[in-house]
Amino acid sequence: MSRYPQADIDAVYRAIRERRDMRHFKPDPVDPDTLQRLLAAAHCAPSVGFMQPWRFIRIRDMDLRHRLHALVEEERIQTARALGEREEEFMKLKVEGLRECGEVLVAALMDGRERHVFGRRTLPEMDLASVACAIQNMWLAARAEGLGLGWVSIFDPAKLASLLAMPAGARPVAILCIGHVEAFYQKPMLEQENWARRQNLADLVYQDRWPDIE
């Protein structure tokens with residue numbers, strides 16, 4: 001019988017349900033063995049054509065971390081301006097996890113991806129989808145380990161790639177903040193702060209064809 005014991009099934013769904021994009025961290029270090037388990041979980045992710053396009057850069061240098069934060073802050077201001085009437089509301093959403101967390105990883109797409117055609121001839125963006133699966137694996141594993149993880153995507157990818165000496169063709173996808181937290185948010189932070197609400201699942205599942213929606 002291939003079905004997991006009910007306790008294991010419940011644990012999987014609990015991690016999915018309680019996963020949060022964390023923005024507030026304690027400075028306590030992350031146990032190296034635990035970090036290795038999180039990376040191993042990411043590396044177990046599915047990937048189109050088994051190309052395994054993910055690469056992770058661990059940021060150990062504190063000066064480099066501060067430079068990453070400066071890049072994020074620069075783009076945060078630009079994003080706020082682009083939001084128009086929601087600029088002030090957006091700027092109240094503080095993003096200090098990059099300074100506070102125990103570990104920082106940059107998740108990136110490898111270079112040389114054009115060699116991989118299997119599953120990507122008409123959908124080349126499947127390399128990005130595969131990296132997203134790896135990040136989600138890490139996110140769920142972190143939640144099960146009692147660690148918070150935050151996905152930061154507010155940065156200029158070209159500037160970040162240059163800062164990290166990435167080769168031509170490689171591309172940063174996310175800055176991942178990992179660490180201990182005081183508590184996990186009861187709801188996703190943006191829902192908790194009334195930025196947006198979770199949509200009804202029934203409105204997002206269609207049958208046989210895209211419906212006519214007025």
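**Before starting**

This is a predicted model, in which local features need pLDDT of at least 70 and side-chain atom pairs count only at pLDDT 80 or more, while totals for chains, interfaces and linings use all residues. Residues are numbered from 1 along each chain as its sequence is written, and side-chain values use heavy atoms, with hydrogens and water left out.

**Stop 1: helix 1**

Select residues 6–18, which make up helix 1 and include Ile16. Helices (H or I, at least four residues) and strands (E, at least two) are DSSP runs, numbered from the N terminus.

Now select Val12, Tyr13 and Ile16. These residues form a nonpolar patch on the surface, and together they have about 310 Å² of accessible area. Patches are made of residues with over 30% relative accessible area and no salt bridge; like charges are joined within 9 Å, and nonpolar side chains (Val, Leu, Ile, Met, Phe, Trp, Tyr) within 5 Å. Accessible areas come from the Shrake-Rupley method with a 1.4 Å probe, and for residues only the protein chains shown count as cover.

Is Ile16 itself buried, exposed or partly exposed? Ile16 counts as partly exposed, because its relative accessibility is 46%. Here buried means under 20% relative accessible area, exposed over 50%, and partly exposed in between (1.4 Å probe, protein chains only).

**Stop 2: salt bridges**

Side chains of opposite charge can pair when their charged atoms come close. A salt bridge is a side-chain nitrogen of Lys or Arg within 4 Å of a carboxyl oxygen of Asp or Glu. A search of the whole structure finds eleven salt bridges.

Stay on helix 1 and select Arg14 and Glu18. Their side chains meet in a salt bridge, with 3.2 Å from N to O. Both residues lie in helix 1, four residues apart, which is about one turn of the helix. Arg14 is partly exposed at 48% relative accessibility, and Glu18 is partly exposed at 23%.

Next, select Asp127 and Arg113, whose side chains meet in a salt bridge at 2.6 Å, N to O. Asp127 lies in helix 6 (residues 126–144) and Arg113 in the loop between strand 2 (103–109) and helix 6, so this pair ties together parts that are 14 residues apart in sequence. Asp127 is buried, with a relative accessible area of 6%, and Arg113 also counts as buried, at 16%.

Then select Asp212 and Arg209. This salt bridge has an N to O distance of 4.0 Å. Asp212 is exposed at 69% relative accessibility, and Arg209 is exposed at 53%.

**Stop 3: two cysteines**

How many disulfides does the structure hold? It holds zero disulfides, a disulfide being a pair of cysteine sulfur atoms within 2.5 Å. Cys44 is in no disulfide, and the nearest cysteine sulfur, that of Cys133, is 13 Å away. That distance is too far for a bond. Cys44 is exposed, with a relative accessible area of 64%, whereas Cys133 is partly exposed, at 31%.

**Stop 4: the pocket**

Select Asp21, Arg23, Pro188, Met189 and Leu190. Among the 24 residues that line the largest pocket, these lie nearest its centre. Helix 1, strand 3 (148–152) and helix 8 (189–192) are the elements that give two or more residues to this lining. The largest share, three residues, comes from helix 8.

**Stop 5: two positive phi angles**

Most residues other than glycine have a negative phi, and most peptide bonds are trans. Select Gln52, in the loop between helix 2 (32–43) and strand 1 (54–59). Gln52 has a positive phi of about 50° although it is not a glycine. At 23% relative accessibility, Gln52 is partly exposed.

Move to Asn194, in the segment after helix 8. Its phi is near 60°, again a positive value in a residue other than glycine. Asn194 is exposed, at 63% relative accessibility.

**Last stop: Arg58**

Select Arg58, in strand 1. Arg58 is partly exposed, with a relative accessible area of 38%.

Methods:
On a 1 Å grid over the protein atoms alone, a cavity is a set of points where a 1.4 Å probe fits but cannot get out, and a pocket is an open set with protein on both sides within 12 Å along at least five of seven lines; lining residues have an atom within 4 Å of a point.
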